[in-house]
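Subject: Structure handover

Hi,

Here is the structure I promised to pass on. Please open it alongside these notes.

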Amino acid sequence: MPVFELISREEATLRTAPAKRAKLVEEYLGYIRQLSEGQAGKLQAAAGEKIGSVRRTLGSAARLSGRDVEIRRVGEAIYFWLRPAA
């Protein structure tokens with residue numbers, strides 16, 4: 001008989017994603033976890049990265065985190081913060 005275990009959706013997604021993608025999303029989850037009310041983060045693409053890819057990965061990490069994150073792109077920078085609880 002199989003052994004059943006409950007795990008978070010975040011963990012399941014990270015474990016089933018290709019290793020490179022999982023590592024990248026985990027990094028972005030770390031950025032989101034650092035936020036608290038009244039704080040914002042700013043990301044800029046590194047050499048060889050595209051700002052659209054940074055935005056998409058941050059969006060994926062935000063959905064995976066279950067936190068309500070506002071993400072805005074301004075030029076070549078991405079700003080993000082937690083939306084206030086309603």
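Below is what came out of it, element by element. Keep in mind that this is a predicted model.

Helix 2

Start with helix 2, residues 19-33. Its length checks out. At 1.5 Å a residue, its 15 residues should span 21 Å, and the end C-alpha atoms are 21 Å apart, so the two agree.

Which residues of helix 2 are buried? They are Ala22, Val25, Tyr28, Leu29 and Ile32. Viewed down the helix axis, these buried residues fall within an arc of 130°, so they line one face of helix 2. Ala19, Lys20 and Lys23 are exposed, on the face of helix 2 turned away from the buried side.

The buried residues have several partners. They pack against helix 1 (9-16), strand 1 (40-44), helix 3 and strand 2.

Helix 1 and helix 3

The axes of these two helices come within 9 Å and cross at roughly 140°. Anything over 145 degrees would count as roughly antiparallel. Helix 1 and helix 3 are therefore oblique to each other. On the helix 1 side, the contact is made by Arg9, Glu10, Thr13 and Leu14. Helix 3 contributes Arg63, Leu64 and Ser65.

Arg67

Next, the loop between helix 3 (51-65) and strand 2 (69-74), where Arg67 sits. Arg67 has a relative accessible area of 31%, so it is partly exposed. Its side chain reaches the backbone oxygen of Leu35 at 3.2 Å. Leaving aside neighbours within four places in sequence, Arg67 is in contact with Ile32, Arg33, Leu35, Ala62 and Leu82. Take Ile32, one of the buried residues of helix 2. Ile32 and Arg67 are 35 residues apart along the chain, yet their C-alpha atoms are separated by 8.4 Å.

Glu70

Glu70 is in strand 2. Is Glu70 buried or exposed? Its relative accessibility is 13%, and the cut-off for buried is under 20%, so Glu70 counts as buried. A polar contact of 2.7 Å joins its side chain to that of Arg72. Beyond its neighbours within four places in sequence, Glu70 is in contact with Tyr79, Phe80, Trp81 and Arg83.

Over to you.

Best wishes

Methods. Residues numbered from 1 in each chain as written. Predicted model: local features only at pLDDT ≥ 70, side-chain atom pairs only at ≥ 80, totals over all residues. Heavy atoms only, no water. Helix = DSSP H or I, 4+ residues; strand = E, 2+ residues; numbered from the N terminus. Buried < 20%, exposed > 50% of the residue type's maximum accessible area, 1.4 Å probe, protein only. Contact = heavy atoms within 4.5 Å. Polar contact = N/O pair within 3.5 Å; in protein donor to acceptor, adjacent residues only side chain to side chain. Expected span 1.5 Å × (residues − 1). Arc of directions from axis to C-beta. Axes fitted to C-alpha atoms, helices over the stretch in contact; angles between N-to-C directions. Parallel < 35°, antiparallel > 145°, perpendicular 65-115°, else oblique.
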